[in-house]
Amino acid sequence: MEEKFVKTLKEEKGKYLTYRMDEVIISTGKTSTREILLHPGAVVVAALTEEQEIVMVRQYRYAAGQILLELPAGKLEAGEDPLECARRELSEETGFEAEEWEKLTEFYTAPGYTNEMMHLYLARGLQEKKAHPDTDEVIEYEKIPLARLQEALLETGGIKDAKSIIGLFWVFQRIGVE
């Protein structure tokens, strides 16, 4: 079932993504092409308050054409440790810092076309400080009770972002939300 790389047919580099079209030989011996986006990897953070709220962010997502409610997240810098990236992204996007960090899992976001690996962390023991998002980000954050988030996931479809859906289900499982 494995595929063997033959050659790169096309490659275009962006700011942090690389689009590549490769020629491969599939397990039947036939030649095919694969289009992929190479990604440096990313983190997503479920920050849980003592009041059993999750810190969520709202931001306009150009590709989706709408404002989405998401867990804080961001891409890894070259050689960056995922936990350090998680600390940085939570602070930048929300201003929160956490005393306790637990890695819950890691997952591919869309392995059909990208190698992006996302590292999911649960953060607790939060201290609220001032957010300092990147200059090209407009982000608002809010603390949302777990019960409202569960309703948004299961009943209203109010959360459409896959990393947030995965992250929230992991948190519900970890802390025993039914």
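User: Which strands does α3 lie across, and at what angle does α3 run to β5?

Analyst: Helices (H or I, at least four residues) and strands (E, at least two) are DSSP runs, numbered from the N terminus. Axes are lines fitted to C-alpha atoms, for helices over the stretch in contact (heavy atoms within 4.5 Å), and angles run from 0 to 180 degrees between N-to-C directions. Here α3 lies across β5 and β6 and runs at about 175° to β5. This is a predicted model: local features need pLDDT of at least 70, side-chain atom pairs count only at pLDDT 80 or more, and totals for chains, interfaces and linings use all residues. Residues are numbered from 1 along each chain as its sequence is written, and side-chain values use heavy atoms, with hydrogens and water left out.

User: Which residues of α3 are buried?

Analyst: Buried means under 20% relative accessible area, with a 1.4 Å probe and protein chains only. In α3 these are K163, S164, G167, L168, V171 and F172. They cover an arc of only 160° around the axis (taken from the directions from the axis to the C-beta atoms), which puts them on the same side of α3.

User: How do I read the sheet, and what is its strand order?

Analyst: Strands of a sheet pair through backbone hydrogen bonds, either parallel or antiparallel. Two strands count as paired if DSSP finds at least two bridges between them. Here three strands form an open sheet, β6-β5-β10, with antiparallel pairing. β6 (66-70) and β10 (140-145) are at the edges with a single partner strand each, so one side of each has no neighbour in the sheet. β5 and β10 pair over six bridges. I54 stands opposite I144 in β10.

Technical notes. Buried < 20%, exposed > 50% of the residue type's maximum accessible area, 1.4 Å probe, protein only.
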